[in-house]
Amino acid sequence: MLSVHLICVGKLKEKYYKDACAEYSKRLSPYCKLTLTEIPEAKLPKNPTLGEITAALEKEGDAIRAKIPPSSRVVALCIEGRLRSSEELPRMFPVPGRSQDKHIVFLIGGSYGLHPSIKAEAQSQLSMSPMTFPHHLARVMLLEQLYRAFKIEEGSAYHK
């Protein structure tokens with residue numbers, strides 16, 4: 001069974017985001033071993049300077065690195081990443097026996113995104129859209145797309 005990790009900066013506070021994530025996590029359970037890790041978002045003043053933002057992203061990046069399991073294919077979600085269709089998403093998954101990667105790890109940054117070094121270290125960069133979404137909503141959207149990817153692979157009618 002594929003091991004899927006979501007490493008997310010920030011804690012979900014809103015009940016509707018928590019409920020949606022719980023629902024898709026439940027739906028994903030027959031298809032993969034899902035691990036969701038939340039990294040605390042670095043504290044910043046109300047109007048941070050570029051230097052303060054960069055330092056915060058670097059601190060978050062170090063915390064993210066510490067949570068990535070060995071033998072992982074890492075995908076950073078970022079606006080400058082490659083757009084992929086729902087049908088293309090499963091092609092990013094490691095194939096047992098044909099890949100040394102045992103896990104696929106998706107990284108979702110906080111309100112200021114991911115540190116450039118984290119994006120550069122990832123094997124892939126994925127953009128969900130050129131539009132800007134709240135990073136908490138991106139988590140829900142990614143879980144839904146992962147569920148959709150597994151349903152596409154099994155030939156289910158879920159994906160129309």
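**The pockets and other local features**

Mentor: The lining of the largest pocket is made up of eleven nonpolar, eight polar and two charged residues. The model is a predicted one. In this model the largest pocket holds about 470 Å³ of space. Its lining counts 21 residues, and those nearest the centre are Leu77, Cys78, Ile79, Gly113 and Phe133. Two or more lining residues come from each of β3, β5 (124–127) and α4, and β3 gives the most, with four residues.

The second largest pocket has a volume of about 170 Å³. Among the residues that line the second largest pocket are Lys11, Lys13, Glu41, Lys43, His135 and His136. By class, this lining splits into four charged, three polar and two nonpolar residues.

Helix α4 (residues 135–154) also holds phenylalanine 150, whereas tyrosine 31 sits in the loop between α1 (15–28) and β2 (32–39), so their pairing ties together parts 119 residues apart in sequence. The two ring centres are 5.6 Å apart with planes at 20°, so the pair counts as stacked. Phenylalanine 150 is buried, at 11% relative accessibility. Ring pairs join Tyr24, Tyr31, Phe93, Tyr147 and Phe150 into a cluster, and the whole structure has five aromatic pairs.

Glutamate 88 belongs to the loop between β3 (72–83) and β4 (103–108). Its side chain makes a polar contact of 3.0 Å with the side chain of arginine 82. A polar atom of the glutamate 88 side chain also lies 2.8 Å from the backbone nitrogen of serine 85.

Technical notes: Residues numbered from 1 in each chain as written. Predicted model: local features only at pLDDT ≥ 70, side-chain atom pairs only at ≥ 80, totals over all residues. Heavy atoms only, no water. Phe/Tyr/Trp six-rings, centres within 6.5 Å; stacked < 30°, edge-to-face > 60°. Buried < 20%, exposed > 50% of the residue type's maximum accessible area, 1.4 Å probe, protein only. Polar contact = N/O pair within 3.5 Å; in protein donor to acceptor, adjacent residues only side chain to side chain. 1 Å grid on protein atoms, 1.4 Å probe; cavity = no way out; pocket = protein on both sides within 12 Å on 5 of 7 lines; lining within 4 Å. Points joined across faces, edges and corners; volume = space filled by probe spheres on them. Nonpolar A, V, L, I, M, F, W, Y, C, P; charged D, E, K, R; others polar.
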